[in-house]
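Hello,

Here is the structure I promised to pass on. Please have a look at it first, and then read my notes below.

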Amino acid sequence: MLFPLLGMLMMAGLAGCHRPPDESLVRQGIAVAERAAEHADASSLGEVISEDFDGNDGGADRRQLLGLLRAAAFRGDAIHALTGPLEVEQRGDRYVARFTVTLTSGGKLLPEQMGVYRVETAWRKEGRAWRCYSATWTSAG
């Protein structure tokens with residue numbers, strides 16, 4: 001009687017140690033970035049992009065993106081982001097995610113109709129977290 005109970009407790013303990021697959025964590029990171037953009041929350045975005053983030057081959061870095069969100073928050077601008085179908089592909093120990101995003105704004109700092117973009121992001125594990133270290137975006141319209 002004691003052995004089955006002990007076995008059940010061990011299985012329950014192992015189930016509690018289960019971590020989500022890396023692909024799911026990358027998808028969660030993209031969702032965090034989307035919410036951060038919509039709430040003009042630079043701190044949340046800063047949690048999912050790396051210190052050496054490179055956007056559009058040098059066109060935007062981490063400091064610039066976070067500064068844009070801080071300025072939008074300061075001005076009370078609203079950003080609306082709608083992410084389209086998400087495709088995540090593993091490449092060795094990293095991931096690449098592709099999707100479309102439709103951006104609009106109701107504020108003064110950003111244009112009201114910002115457009116639809118094709119986005120490709122690259123993710124790597126830093127410690128226990130997955131962070132976006134590179135992104136490219138092009139107008140889809």
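A word on terms before the details: a residue is called buried under 20% relative accessible area, exposed over 50%, and partly exposed in between, using a 1.4 Å probe and protein chains only. Please keep in mind that this is a predicted model, in which local features need pLDDT of at least 70 and side-chain atom pairs count only at pLDDT 80 or more, while totals for chains, interfaces and linings use all residues. Residues are numbered from 1 along each chain as its sequence is written, and side-chain values use heavy atoms, with hydrogens and water left out.

Let me start with the overall layout. The protein chain contains four helices and seven strands, in the order α-α-α-β-β-α-β-β-β-β-β along the sequence. Helices (H or I, at least four residues) and strands (E, at least two) are DSSP runs, numbered from the N terminus. Of the 141 residues in the protein chain, 30% are buried.

Next, the aromatic rings. Rings of Phe, Tyr and Trp (its six-membered ring) pair if their centres lie within 6.5 Å; planes under 30 degrees apart count as stacked, over 60 as edge-to-face and the rest as tilted. The whole structure holds one aromatic pair. Its members are Tyr-95 and Trp-130, arranged edge-to-face with 5.2 Å centre to centre and 80° between the planes. Because Tyr-95 lies in strand 5 (residues 94-105) and Trp-130 in strand 7 (residues 129-139), the pair ties together parts that are 35 residues apart in sequence. Tyr-95 is buried at 8% relative accessibility, and Trp-130 is buried at 7%.

Then there are the salt bridges, each a side-chain nitrogen of Lys or Arg within 4 Å of a carboxyl oxygen of Asp or Glu. The search found 10 of them in the whole structure. One of these joins Arg-62 and Glu-51, with 3.6 Å between the closest N and O atoms. This pair links distant parts of the chain, with Arg-62 in helix 4 (residues 62-75) and Glu-51 in strand 1 (residues 49-55), 11 residues apart. Arg-62 is buried, at 16% relative accessible area, whereas Glu-51 is exposed, at 66%.

Finally, which residues are linked in a network of salt bridges? They are Glu-87, Glu-89, Arg-91, Arg-98 and Glu-120. Within this group, Arg-98 meets Glu-87 at 3.1 Å, N to O, and Glu-89 at 3.3 Å between the closest N and O atoms. Arg-98 is partly exposed, at 23% relative accessibility.

Best wishes
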